[in-house]
Amino acid sequence: MVRRACLVLAAVLGLSLIAGPARAEPQWVRHIGRIVGAHPMSVVVGDPGSVWYRHRASVARPPASNEKLLLSMALLERFGGAHTFALRALGPAVGGGGTVDGNLYLKGQGDPEVSDARIALIASRLWAAGVRHITGHVVGVTGPFHRDWFAPGWKSYFPAEYVARPTALTYGGNVAPTGKHINDPERHAAVSLSHTLRHIGVTIGGDATAGRAAAGMTELASASSKPLRAILERMDHRSINFAAEVLGKALAYARGQAGTIANAAASICAYEAARHVRATCHDSSGLSYANRQTAIGIVHLLWNAERQPWLSTLRMALPAAGQGTLRHRLRGVRIRVKTGTLDHVSALSGWVWNKPTDGWVTFSLLTSGMEEYTAKDLEDRIVEVLANHAKPRP
């Protein structure tokens, strides 16, 4: 009996020797663990199909402006980076003596960057088309998007301070020279076109106004926006809430839905759901405190983006270190990410160049319930570790 017990003990010891001690976590993993500590932060790091590190990966948190990253993916999937939005002048066909007998309608399609220069181009093309007289008004068209200006989870002062009214026909970012958000950008655009037409010699019968377009009108002139890739770069670099809400409505409208903030948000969530990611979406800008995303969900969507022809367009749309919302952060780190900031909410998701593997590594950091600038310090420390020390586990 004693001999048998000794043999069993020897066998157990032998197996223990073969199995060896429990494998220790890599030093970089322990380092990130110390940075995260007990903070309310979700962290996911990895490359396609392989998670290198995860912490509270499935906790749903407000993504703040990381919602713009998801919107950018959905827009690129729907339109492609070369897509442009038309600004169109519509009216009765030009008659004898260059007369447009009735109103001239200026209609937008969701370009958030309509300016005096674009309107001047419309005016010059109307002149080239033979327009010399307009018997009615220049009318800024108030469709086809709805003119809603609020979302669940927004604070009451957001429309006044953080996002101008998102309309299909925009003008100067829908902001007055004083900086005040304007209620009637369509009329302002019409005033600009009227002024320019009169300056080049076109007579107009009445003052500029805004309203619905009459049916059966002919396109007399048009001008295209910059390519979507350029619009997204400006939106994501500077985290422009207005551009996001306008483009979100354009996305919803292209999907055959009414151009509303709610439908725009639903379009983002539909894009995610089609890729097996569950989320809660109430707007396109990420201003809503009621939005919910998970770090693992965002990483899965970034991995999906890596298989798409528009991947390089998406990466270039995101700020690098020292650019846009990263202008004071992560100098010397090769990175392409979207930031996000609300009161007690912070987010950072995208790609960082990893020196040990000489390649891009995907990550998402979401924090809620702590002071956002403290969270950003933690984010930067984690990214430094990812850039210089992280490696896939064997």
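Predicted model: local features only at pLDDT ≥ 70, side-chain atom pairs only at ≥ 80, totals over all residues.
- Five strands make up an open sheet, arranged in the order β2-β1-β13-β12-β11, with antiparallel pairing.
- The edge positions belong to β2 (50-55) and β11 (335-342); each has a single partner strand, so one side of each is left without a neighbour in the sheet.
- From one strand to the next, the twist averages 10°.
- As a reminder, strands of a sheet pair through backbone hydrogen bonds, either parallel or antiparallel.

**The β11-β12 pairing**

- Strand β11 pairs with strand β12 (residues 345-354) in the antiparallel sense, over eight bridges.

**The disulfide**

- The count comes to one disulfide, and it joins C269 to C281 with an S to S distance of 2.2 Å.
- C269 sits in helix α9 (residues 261-273), while C281 is in the loop between α9 and α10 (295-305); the pair is twelve residues apart and links distant parts of the chain.
- The torsion about the S-S bond of C269 and C281 is about 85°, so the disulfide is right-handed.

**Burial of the two cysteines**

- C269 has a relative accessible area of 17% and is buried, because buried means under 20%.
- C281 also counts as buried, at 12% relative accessibility.

Methods. Residues numbered from 1 in each chain as written. Heavy atoms only, no water. Disulfide = S-S within 2.5 Å. Helix = DSSP H or I, 4+ residues; strand = E, 2+ residues; numbered from the N terminus. Buried < 20%, exposed > 50% of the residue type's maximum accessible area, 1.4 Å probe, protein only. Pairing = 2+ DSSP bridges. Axes fitted to C-alpha atoms, helices over the stretch in contact; angles between N-to-C directions.
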